[in-house]
Amino acid sequence: MKVALIGATGFVGAPLLQELISRGHEVVAIARNIEKIPTDSELIVPKQADVLDTEAVSQAVAGVDAVISAYNPGWTNPNIYAEYLEGAASIQTGVKQAGVKRFLVIGGAGSLEVAPGLQLIDTPDFPEEYKAGAGAARKYQGEIKSENELDWTYLSPAIEMHPGTSGKRTGTYRTSLDTPVFNEKGRSIISVEDLSVAVVDEIETPKHIKQRFTVAY
């Protein structure tokens, strides 16, 4: 397949790029700074684009079979809430303008239900420093549900997915829809490498069209 990957140099995007090319997919690797995109594979086509420029997004993804968005304006960005929503909407519109149907968004875990009617972001222990970004991802997860033109999928990672849980690809994971997957110790964990496996599996064999799903061990 030919896949466009937005945010190809980030914490999620970089291992996802490697997972895609390891399976033989051609990747249009989109980033603000293309100097960080690897050039060691002929399957990688670097493209510079600002996600806030809808026309640039549309031109960058034109002609691909699927678009994956790993967009994140940065956890330390003081305007993360507004910028995330603006960027997410611009990407979604750009994908539609380009005529691409398949669209997978890697969002956040904050909107997962940890108890009936209680989302993770609303629990007392949710870290304050992540609330703005998680709140934007939750709002967008609600908004994308009304998208009818695209064959979209919204993927929420496990509650614990960070450098400390990553560095290893096992090729295994379990899935759920709106509630977290917990292990026998009551933790919801995945490495970014195995999140990447789940993303590419979903692109190759779609099982969650117009759905949100989540993955963990």
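At what angle do H2 and H3 pack, and how far apart are their axes? H2 and H3 pack at an angle of about 50°, with their axes 8 Å apart. Axes are lines fitted to C-alpha atoms, for helices over the stretch in contact, and angles run from 0 to 180 degrees between N-to-C directions. The two helices are therefore oblique to each other. Angles under 35 degrees count as roughly parallel, over 145 as roughly antiparallel, 65 to 115 as roughly perpendicular and the rest as oblique.

The model is predicted: local features need pLDDT of at least 70, side-chain atom pairs count only at pLDDT 80 or more, and totals for chains, interfaces and linings use all residues. Residues are numbered from 1 along each chain as its sequence is written, and side-chain values use heavy atoms, with hydrogens and water left out. Helices (H or I, at least four residues) and strands (E, at least two) are DSSP runs, numbered from the N terminus.

The crossing of H2 and H3 is right-handed. A crossing is right-handed if the near helix is turned clockwise from the far one by less than a right angle, and left-handed if anticlockwise. On the H2 side, Thr54, Glu55, Val57, Ser58 and Val61 take part. They meet Ser90, Ile91, Thr93, Gly94, Val95 and Gln97 in H3. Contact means heavy atoms within 4.5 Å.

H3 (residues 80-97) also packs with H4, at about 30° and with axes 8 Å apart. That makes H3 roughly parallel to H4. This crossing, too, is right-handed. H3 contributes Ile80, Tyr81, Tyr84, Leu85, Ala88 and Gln92 to the contact. Residues of H4 in the contact include Ala132, Gly133, Tyr140 and Ile144.

The strands form an open sheet of eight, in the order E3-E2-E1-E4-E5-E8-E10-E9, with mixed pairing. Two strands pair if DSSP finds at least two bridges between them. The edge strands are E3 (44-48) and E9 (174-176), each pairing on one side only. Neighbouring strands are turned by 25° against each other on average, direction ignored. H2 (residues 54-61) packs on the sheet and touches E1, E2, E3 and E4. The direction of H2 makes about 165° with that of E2. H4 (residues 131-144) lies across E5, E8 and E10, running at about 150° to E8.

Pairing can be followed strand by strand. Five bridges join E1 to E2, and these strands run parallel. Lys2 stands opposite Glu26 in E2. Three bridges join E9 to E10 (residues 211-216), and these run antiparallel. Thr175 has Val215 of E10 as its bridge partner. Five of the six residues of E2 are buried, so E2 is largely enclosed by the rest of the structure. Buried means under 20% relative accessible area, exposed over 50%, partly exposed in between (1.4 Å probe, protein chains only).

H1 (residues 13-22) is mostly covered, with seven of its 10 residues buried. Among them are Pro15, Leu16, Leu17 and Glu19. The cover over the buried residues of H1 includes E1, E2, E3, E4, E5 and H5 (192-204). Gly24 follows H1 and has a positive phi, near 85°.

Glu19 lies in H1. At 5% relative accessibility, Glu19 counts as buried. A polar contact of 2.8 Å joins the side chains of Glu19 and Arg169. Such a contact is a pair of N or O atoms within 3.5 Å; within protein, one must be able to donate a hydrogen and the other to accept it, and residues adjacent in sequence count only if both atoms are side-chain atoms. Not counting residues up to four places away in sequence, Glu19 touches Arg169, Ser196, Val197 and Val200.
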